[in-house]
Amino acid sequence: EYIETVKKLNEDKNVKYSILTMGCQLNENDSEKLSGMIEEMGYTRTENIEEADLIVFNTCCVRENAEDKLFGKLGEVKKIKEKRGTIIAIGGCMMQEEHIVEKLQKSYPFFDIVFGTHTLHKFPQDLYNIILNKKRIEDIINIDGEIVEGLPIKRDDKIKASVTIMYGCNNFCSYCIVPYVRGRERSRKAEDILKEVQELADKGYKEITLLGQNVNSYMRMEKVENKNEKITSFAELLYEVNKIEGIERIRFVSPHPKDFTDDVIEAIKKCDKVCKLIHLPLQSGNTKVLKEMNRKYTKEQYLNLVEKMKKEIPNVTFSTDIIVGFPGETDEEFEDTLDVVEKVNFEQVYMFIYSRRVGTPADKMENQVPEEQKHIRFNKLKMLVEHQIANKNKQYIDTKQKVLVEGKSKNNDNMLTGRTDSNKVVIFEGEDNLIGKVIDLKIVSEHMWYLKGEII
């Protein structure tokens, strides 16, 4: 109703919008929904914020640099607003933090709309009220939002798409603000997920990434509350998505090691479309630090899980997240992290220096690690990971790899680029009609962050 009303207000006006997304794939998925609603309201997208009539910031609060980025950008757009009356909207996880909203009110009072993670679907209504009444709107609720289906969605990619299967998190890792800003776990109905994946397959999409803060606890809460659901676990969902014709690859992020049950391992093994690269967040390799982090598994349990998967799933590879310099972490405890990295031999490692988040238990811990020490450890981990990647890359040479062709290489218009099942970037010479297809390539050379291939 509000989409239609704003669309009428914008008729013959040639209004433009710009959206800046910070953060994870869930944020990117939210931005696709925002773009879908905004474009149905008559706006066209521009990459030049100087000409935007509506600027939307979709924020993240996992790390401190996201805050610095937002406040820096707000300084820039103030002049644009003064010049052309641009509407400034700020949404996402950061807006669920009271101290951030207070800072905005005090230091950046020129914003028009603030909306939280639970009120994204109300954006057209908020925008309508701003256009009509010109009064600042703060649309944030601190209770868990309902799951709203059927929102328009505008995806930039035509080959790969992400599909959210659940919202929120129940884990309360001591360093993480996410449960406080995205609420408790709520799973989408399987029929809605499968309908969305089917629609994507009908449009020619080839790869689907199933998204959630903790995907392998999908339906855990709903199973207790609703006995009528046909699909009641993440493993069952994987089997059903695997049946959808046209989809050739299925990925998922992020699972939690403590919830990685045998039925999920079996599903990954049996589902031919599920990629055998498993993202398995480690965070720390030391049992004491893991306990302080409230991760609910030990170093040994993590390594045992990896070994079980290596035994059960042919050609399985792993990627992971690691936090360096968690409060109280000693040099000896950090060595345990290096030990796990040595043993697992990850395909990819996403490394983060611990960043304090207001409102989390870890922020109140007194034994914070000095910044200099964090950076020394980070560099040590980086050296080990890069050494492993260089060695792993060599093992790809002369092998045949199935590659989903994603488009032209960003750095060379004469080359195409794609990814292997294990998410390695491969560039190669080929015709544009290969884009969107899965083809066989022979790997002929390796270059640290990408491989070079030839069509077989």
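Which residues in H7 meet Leu237, Glu240 and Val241 in H9? The legends below begin with this contact.

The model is predicted, so that local features need pLDDT of at least 70 and side-chain atom pairs count only at pLDDT 80 or more, while totals for chains, interfaces and linings use all residues. Residues are numbered from 1 along each chain as its sequence is written, and side-chain values use heavy atoms, with hydrogens and water left out.

**View 1. The contact of helix H7 with helix H9.** Helices (H or I, at least four residues) and strands (E, at least two) are DSSP runs, numbered from the N terminus. The axes of H7 (residues 190-202) and H9 (residues 234-242) come within 10 Å and cross at roughly 30 degrees; axes are lines fitted to C-alpha atoms, for helices over the stretch in contact, and angles run from 0 to 180 degrees between N-to-C directions. H7 is therefore roughly parallel to H9, a term for angles under 35 degrees. The residues of this contact comprise six nonpolar, no polar and one charged. Here Ala, Val, Leu, Ile, Met, Phe, Trp, Tyr, Cys and Pro count as nonpolar, Asp, Glu, Lys and Arg as charged, and the others, Gly among them, as polar.

**View 2. The aromatic pair of phenylalanine 234 and phenylalanine 252.** The structure holds nine aromatic pairs, defined as rings of Phe, Tyr and Trp (its six-membered ring) with centres within 6.5 Å; planes under 30 degrees apart count as stacked, over 60 as edge-to-face and the rest as tilted. Phenylalanine 234 and phenylalanine 252 are edge-to-face, at 5.2 Å centre to centre and 80 degrees between the planes. Because phenylalanine 234 lies in helix H9 and phenylalanine 252 in strand S11 (residues 249-253), the pair ties together parts 18 residues apart in sequence. Phenylalanine 234 is buried at a relative accessible area of 2%, and phenylalanine 252 is buried at 7%; buried means under 20% relative accessible area (1.4 Å probe, protein chains only).

View 3. Valine 405 has 0% relative accessibility and so counts as buried. Leaving aside neighbours within four places in sequence, valine 405 is in contact with residues including Ile159, Phe428 and Ile439. Leucine 416 is also a contact of valine 405; the C-alpha atoms of these two residues, eleven residues apart along the chain, are separated by 7.2 Å.

Key:
Buried < 20%, exposed > 50% of the residue type's maximum accessible area, 1.4 Å probe, protein only. Contact = heavy atoms within 4.5 Å. Parallel < 35°, antiparallel > 145°, perpendicular 65-115°, else oblique.
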